[in-house]
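Me: I would like a close look at a single part of this model, followed by its setting in the whole.

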Number of protein chains: 2
Amino acid sequence: MFVPLSVLDFRDRAAAYFGEKVGVVDGEMSLTYRAWAERTHRLANALHDLGLQPGDRVSFITYNTHQLLEAYYGVLEAGMVLNPINIRLTPHDIAYILDHAQSKAVFFHRDFTPLVDAIRPQLSTRPVFVVMEGQRGGLAEHEYEALLGGSSTEPRHPQVDENGMAELFYTSGTTGLPKGVALSQRNLYLHALNAEIALRFDEDDVVLHVVPLFHVNGWGVPHFVTMTGGRHVMLRKFDPVALMQHVERHKVTRLLGVPAIFNAVLHHHDRPNHDLSSLRQLIIGGSPASPALVRALEQEIGVQAIVGYGLSETTPIVTLAQPRRVLTEAEPPERAAERQAMTGWPIPGTELRVVDASGADVRPDGEQIGEILVRSNSVMIGYYREPDATSVAIRDGWLHTGDMATLDDEGYVVIKDRSKDVIIRGGENISSVDVENAIAAHPAVLEVAVVAAPDERFGEAPVALVVLKPGAKASEKELKAHCKERLARFKVPREFHFRESLPKGGTGKILKAELREPFWAGLRERVH
Amino acid sequence: MFVPLSVLDFRDRAAAYFGEKVGVVDGEMSLTYRAWAERTHRLANALHDLGLQPGDRVSFITYNTHQLLEAYYGVLEAGMVLNPINIRLTPHDIAYILDHAQSKAVFFHRDFTPLVDAIRPQLSTRPVFVVMEGQRGGLAEHEYEALLGGSSTEPRHPQVDENGMAELFYTSGTTGLPKGVALSQRNLYLHALNAEIALRFDEDDVVLHVVPLFHVNGWGVPHFVTMTGGRHVMLRKFDPVALMQHVERHKVTRLLGVPAIFNAVLHHHDRPNHDLSSLRQLIIGGSPASPALVRALEQEIGVQAIVGYGLSETTPIVTLAQPRRVLTEAEPPERAAERQAMTGWPIPGTELRVVDASGADVRPDGEQIGEILVRSNSVMIGYYREPDATSVAIRDGWLHTGDMATLDDEGYVVIKDRSKDVIIRGGENISSVDVENAIAAHPAVLEVAVVAAPDERFGEAPVALVVLKPGAKASEKELKAHCKERLARFKVPREFHFRESLPKGGTGKILKAELREPFWAGLRERVH
């Protein structure tokens, strides 16, 4: 029997077997899975009432709100394509996305009214606008609650083509125009099952959605939380205190986030005043994490902390550094933090290779650096309406990630850099991540980024941009000495610059391109 | 990206990430996952060396041996179809199966040489015969180890059609000719993922394969054990002492079996001499289990015991009685054994309905009895070369199971009977299982079966066939009184017959048709 794969099954399962349980919490609002599922049916019917057709793209401009979680299923139940928008993009980029996606409806939270006002004149299409938590009027032809209130609770049964597009996420590339990652029901469904097998969420899990659900690290999570009857808690805006308050109040068990988020919590002066004992696991993604961060989180918060790695193009999880007892049982415990800070090993359903420039597999020696290739049912259909970009990314049956990594004989990969972040000093490749990890091990350092600066003698040389912990002190000389103990001489940064903070993108990822820019200004065109 | 679903991924994952671990134990033989995977490559190549073609059926006649576990992957790696044969069938039935399947190769354990000798003259085809653990010669043109030793270790990469037939299991129906259940890679792969999400096996699990892998309760298990890097321990022939010895020696964590197996262990006089403390979970399938059995297993062996339900046609698991804490946390603990003895609720990826004779859903009141229908990607392709039987079983997008059950408002189903085992007394439907559970609650009773006997006044009436525990005593009068306290008067058996044992089929399932027969002999034709 062939039944099309559909993530709507996850919602239906939650409503059928965990229906009376509070499944979604957003501020003071709590929804049982049954009530929430009914809202998704209403949304699906409302989209049809608005005149949209199966296959139409429906865009959402909002924080992590319950409405966005409703859209995860309601838009798909309507047979349409969900397009969550990164709210930190410029109006220009968002207008580009809405036009490129040819969105037929744009749902926006009232806080983004000025943004939407700025976007609208730039659009060549005429989508219907729906405001959430605001008043109808102006450009908003409809208000979300009124729309749902006026529509049927009867479930819809769309014709599902498991290989057709179901979600469309634009990557906020630091260079070039955003590209739309088209994901199918099959991508989403199989990713959810395989990620669940690796992570083992269950009905006792309470997940705080810290990372925006429109972002690579966030969007895979709702499906396996729903499938297993766990609880979603929405966090609209990140700040360390809000995070700790939510953890304490809702007894959150697991968090996924970038290192900067966990760093901010770890070093926050108010942390001892919050009960974080419900936390069981932290999953660190988005940027490389240091063993020092893993160790500090485990020791000071009393959780398991592991690194995960994924891409927009892979729905997203590719690897996790979940311990394998077959390896760890014979090892000293110190080794655990090192392993858990590695990029990890593939989740089920995922084949991974690391290849050199000629396409040959690197030696699995933990030394030779190559590009990570992925083959999996969680690799996207392709970039929407970008056949050329798609055929560059997916070649010979493998996704080419652009991430440079080593592979060891236990199957662990360690990302050494994005290809564009590698520093090339006199012909030697320097991984900026290796240098950052060495500097991060210094007790005074809160955050660090290492980038390539122009160098008369060597072409490029590493420079470090360092934020110290509140009240901590360290001189350039001291940090250089610290590096010399840990790194080959040619990898030691030429200069250290102390900063109050480092510029970050949507999910707290450090914007290295922005940090690199001043060093090169007026000097020459950067190729990257 | 579309990657055909294939259970070969599970083996490849085990070999890549748990390669140095002992994955398979069979008697004194231990194989690491890497060594075992290499043997599967050799088997795949050997099948091609024998001249077989992709799509050909390959039959195995053997106990639970490592060779059969190799065939699970090696035959599929060859692009062929695995057909494990129920060794308890008659030569006549096995000959029918080999002919119907048009097997091109028959692998048999040397212990079955007499059986194979008896089968061969009845065959209309001329498969190649390969003996395992025996000597080439006679009808065996090849010997397994020599065949593997002479073939390449190079992995083969078959063209996988995920919807094509990959495994073919004949049901040992008590009436009519065996029917071949054709399962696809998609059936097997998705069943394994969904069963794993429900059961949460992990690398620490050690599974003793008690139930034959050629049988409905056995064959789904190897895939999720392999996927998660657990350990397989083979049990060639069931007896309670061998089971306990294997559990003790290999620190077995989970067992799947029929109630009769667990009953035999529970009441075995030698049980206190074995350390069974490694056991964590027992999964009871194949026949209904009583709350008394669940409670006794939990209390006396110190495990969690839950019922599971599946069919040949569903790869096999449909439901499990895994506790849902959302229900159990507010309940008294006594209720747990009752819940865990219910047929359960669907595993992920499985839709279930209970419908009356008109096809309408029964009231979810735990009372009204209807037929279980299943819709899932784990429902078979169909009965091989039996389009008429297939279209009777799979109608309107649902598999019609023939199992009669109730449904309650928490989504639990409870099988009341196979439709053919229902006792119809003066127009009242009596579930033989309800009556059996009542009798089994008596402390002197080891095993019981209740069947329909002819009755002059009511057409049919229930009679009970009872085996008492060693040394225990109970009279017919006492058991009748016991039943009257627990059952409506019309359900109390008219007669009680005491037996030394009850006849059992391949997996220890009580053969009710055989028990019923003497009561009806010469009286009239039974329709069932």
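Which residues does B:Ile61 touch, not counting residues up to four places away in sequence?

Reply: B:Ile61 touches B:Ile85, B:Ile87, B:Val106, B:Phe108, B:His109, B:Phe112 and B:Val116, leaving out residues up to four places away in sequence. Two residues are in contact if their C-beta atoms, placed from the backbone, lie within 7 Å.

The model is predicted: local features need pLDDT of at least 70, side-chain atom pairs count only at pLDDT 80 or more, and totals for chains, interfaces and linings use all residues. Residues are numbered from 1 along each chain as its sequence is written, while chains are lettered from A and ligands numbered from 1 in the order in which they are written.

B:Ile61 lies in strand β3 (residues 57–61) of chain B. Helices (H or I, at least four residues) and strands (E, at least two) are DSSP runs, numbered from the N terminus. B:Ile61 counts as buried because it has 26 C-beta neighbours inside 10 Å. The cut-offs are 20 or more other C-beta atoms within 10 Å of its own for a buried residue, 12 or fewer for an exposed one, and partly exposed in between, with C-beta atoms placed from the backbone. B:Gly27 is 34 residues from B:Ile61 in sequence and 18 Å from B:Ile61 in space, C-alpha to C-alpha.

Elsewhere in chain B, helix α7 (residues 185–199) has 15 residues, which at 1.5 Å a residue should span 21 Å; its end C-alpha atoms are 21 Å apart, which agrees. The expected span is 1.5 Å times one less than the number of residues in the helix. α7(B) is mostly covered, with 15 of its 15 residues buried. B:Arg200 follows α7(B) and has a positive phi, near 60 degrees.

In chain A, the twelve residues of helix α3 (residues 66–77) should span 16 Å at 1.5 Å a residue, and its end C-alpha atoms are 17 Å apart, which agrees. α3(A) is likewise mostly covered: twelve of its twelve residues are buried, among them A:Tyr72 and A:Tyr73. Just after α3(A), A:Gly79 has a positive phi of about 80 degrees.

Taken whole, chain A holds 17 helices and 27 strands. The radius of gyration of chain A is 23 Å, close to the 24 Å of the globule rule for 528 residues, so chain A is as compact as a globular protein of that length. That radius is taken over C-alpha atoms, and the rule is 2.2 Å times the number of residues to the power 0.38. Of the 528 residues of chain A, 53% count as buried.

The relation between the chains comes next. A rotation of 180 degrees with 0.0 Å of shift along its axis superposes chain A on chain B (RMSD 0.0 Å). The two copies are thus related as by a two-fold rotation axis. The superposition is by least squares on the C-alpha atoms of residues with pLDDT of at least 70 in both copies. At the interface, 31 residues of chain A are in contact with 31 residues of chain B. α1(A) gives the largest share of the side of chain A that touches chain B, four residues. Since 100% of the interface residues of chain A are also interface residues in chain B, the copies meet through the same surface.
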